[in-house]
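Me: I am new to this structure. Could you take me through it in short steps?

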Amino acid sequence: MKKHIYGLIIFCLFGKNIKAQNGYIYVHKKAISEVASLNFNFNLTDSGGNSVANFTLNDKPEGFNSFDIGNSHNTGEGQLWTVVNNNSIAQEVHTVAGTIYTRPVGSSNWLGTSITNAKSVDGIGQNTAVYSDASGNVGLYNNGNSIIIWSPASHSNVGIVDVASGGPTGIIAVVGDNGMIYKYTGDGTNDSWIVFSKVTNNGTSLPFRLDVHPGTGDVVFIKNKGDGNIYRISSSDPSSAVPVLVTNAPSGNAPDTARDIAVSNNDNVYANYGATISRYANGSWTTNPRSRNLYGLTAGVSDQVWSINKNNSNLIQHTIYTRTSTGDWLDDERVRTSTNGNSIMIPVPAGVYNLSEIVPSGWNNSDIKLYDPTNNSSANLASSTSTINVSANEVVNIVYSNVLENPIVTPAVCATNYILTFGQGASTYGNAAQGFTSYHYFANGQVADGYYTLAKTSAGWFAGGPVPPLLNHTPNDPNGYFALFNASYATDDFFRQTVTGLSVGTKYEFAFWVADLGPSFSIRPNVTMGIVDPNNGTLLASINTGDISSTIWKRYSFTFTATSTTGEIFLKNNSVGGDGNDIAIDDITFAPAPPEIPNVEMTGGLTTICSNMSSNPTQYQFTNSLAGGVWSSDNPGLITINPSTGLASAVYGASGTAEIIYNHTNASGCVSESKLVVNVGNCSCYNPVTNTNAGIDTKFGITLQQRAGADNGNWPMIRKSAYAVLESNTKGVVITRVPTAGLSAITTPQEGMMVYDTTAKCLKIYSDGTWKCFSTPSCP
């Protein structure tokens, strides 16, 4: 039996690839909320409608702590291998021993193996891998069976610290704790090695991490103890005394336990220095800012790369990140056996394929993101389908996001309608909420990128946070929580919620309170607020907050008019995670908004009210073209106004400014307000006649009071110093009446000439070259 097992290993290691080159469809699931995630079923068909694969993905948050990672090649391309240890939170790779788990190609299920003491692992072919263990041994694993092919006792007690494979048709190379690089020359059943390169101890630095190109067999490696170079040994001249120096890597000072190297099938080299992963392609380095604190590397077909999130390793599970063709890193693939995983990489012949998701009841599609290197694939959110055009050796990543409906009925009346206040409780931290976010929850004062917590204060946040610390914003809620987000590397949702009960044609307001949690860091939070139609994903309205720099609570809002009865409101992260972009959110509200109403006007276009009438004061008419409102004054000590008619008058002797306010309540209970500022003061001489000096008798008068002469009221002589006196209690004086347009017909008007303007409805006087309403004359 043992002979047959070894024979199978030999075939897997060195058998030729007899299949045509494949492309790869890499599907990822993101559930909002992941704590409520269930099984999401998918069907992949070819262009003829024939079924290619039926599979299930689940985005539950449970997962194991991963340390090292590897990838198989050839027919096993996309099969991942990782070392798991749930008892360690070390921020390291290759140094923690654990159990090897694998996710086979074309499967979303992670499987445990019988290898429980591994430190480093790399895939070979389908269901085959090479590993080193805590004792420095090297083993071959094949579909449940394993054999040791390096024992330190047989090699002068040299232990192996890293392993790499070029696939079933490539080589196996390892690096020892003596800095020597070795190549396997056995048949899969024996311990047979040669020194692959004579680069050894230079007195300071030793090779300690390596990878093998699956096509050329070249070995790339890095040295420890501060050597920042990337080295390459050509398979055609492995015995060269000095290996080819690829280039100096970007500056950085990552500890050796955080560093790794990988070479992809298309010969691009990846290495992590400092806080990020850098890529060497076409003779130059580029740094990927969205790869901060990703440790452990493996690469495969095209430019597909995987790494492990080790940021704040004591706070989070060590999850696997996947690089896309755009340089984005997808968060995250969790290793677990309790449910299906959230990702699957399916090999397919080059061609066009159709992927459809069966959306479970109670969930909506929120997004389908395509990462296609050739940009010839498409998605239809309304039907939850995508058309994928994949070429040979191309990887197309697709992320299907679904949101838990958990609908909230929008009230039909205006009020402060809280969608989310994040709850309250006696504990320091709240519990993960069902729905609302794509972020992972961790009950702690500090959380890593891509995580959030619910707390009552920001006092436990990272150094450089708000001073004084933020407190819960919700009014009258001393035990309330708010959300603290450490933004992820992806531009994804802080918040998403289905709202129902909208009235078509009604204006609504969406608002939230926010603050910057990392003012001392370089990246500012930046958020898009919006609403989409959940039936087809159409964006109905949105605004951008711009960079948020306030470390105290600040309110952002926008309004829109409903076009359907259901919507999906969201807050989306626009900035990259990493050095900042930490954000606090509280009191998200959504409710009908007060409609805009016309301006308040005063008849005659006046803005001044006279207050010098002690009796029978002048009344002024205020108007608004939207009827049914209520009038008021902000200062009844200056102006009184009838709340129904809008007739107002000044308080005698008052002086100052006041606002005339018009409030209108619509059918939804929304109160809209319009204001007009008016001046109040003494504006004409209506004071009683002062007869301190006896004036000259008036000699001429016309009266309808049937009196005249010294013996009959001494009229008109009693009206002193006048040219003429007119008197009546039933008649008035009518002066020339002219519309505004007719004033220009008066030839050479004289200063002081008066007419009544029938358009402006006021007595006008010609003064300083223009006709003016006689409304604010001063007393002499």
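Me: How many helices and strands does the protein chain have?
Reply: The model is a predicted one. Its secondary structure is counted along the protein chain. The count comes to 1 helix and 59 strands.

Me: Is the protein chain a compact globule or more spread out?
Reply: For 780 residues the globule rule gives 28 Å. The radius of gyration is 41 Å, well over that value. The C-alpha trace spans about 150 × 60 × 60 Å along its principal axes. The chain is therefore more spread out than a compact globule.

Me: What share of the residues in the protein chain is buried?
Reply: Buried here means under 20% relative accessible area. The protein chain has 780 residues. The buried share is 52%.

Me: How far apart are the mean positions of the positive and negative charges?
Reply: The protein chain carries 41 positive and 54 negative charges.

Me: Which strands stand at the edges of the open sheet of 4 strands?
Reply: The order in this sheet is β4-β5-β6-β7, with antiparallel pairing. An edge strand has a single partner, so one side of it is left without a neighbour in the sheet. That holds for β4 (66-71) and β7 (111-112).

Me: Which residue in β5 stands opposite S66?
Reply: β4 and β5 (residues 80-84) run antiparallel. They are joined by 4 bridges. Opposite S66 stands V84.

How values were computed:
Residues are numbered from 1 along each chain as its sequence is written. This is a predicted model: local features need pLDDT of at least 70, side-chain atom pairs count only at pLDDT 80 or more; totals for chains, interfaces and linings use all residues. Side-chain values use heavy atoms; hydrogens and water are left out. Two strands pair if DSSP finds at least two bridges between them. Helices (H or I, at least four residues) and strands (E, at least two) are DSSP runs, numbered from the N terminus. The radius of gyration is taken over C-alpha atoms; the globule rule is 2.2 Å times the number of residues to the power 0.38. Buried means under 20% relative accessible area, exposed over 50%, partly exposed in between (1.4 Å probe, protein chains only). Lys and Arg count as positive and Asp and Glu as negative; His and the chain ends are not counted. The place of a charge is taken as NZ of Lys, CZ of Arg, CG of Asp or CD of Glu.
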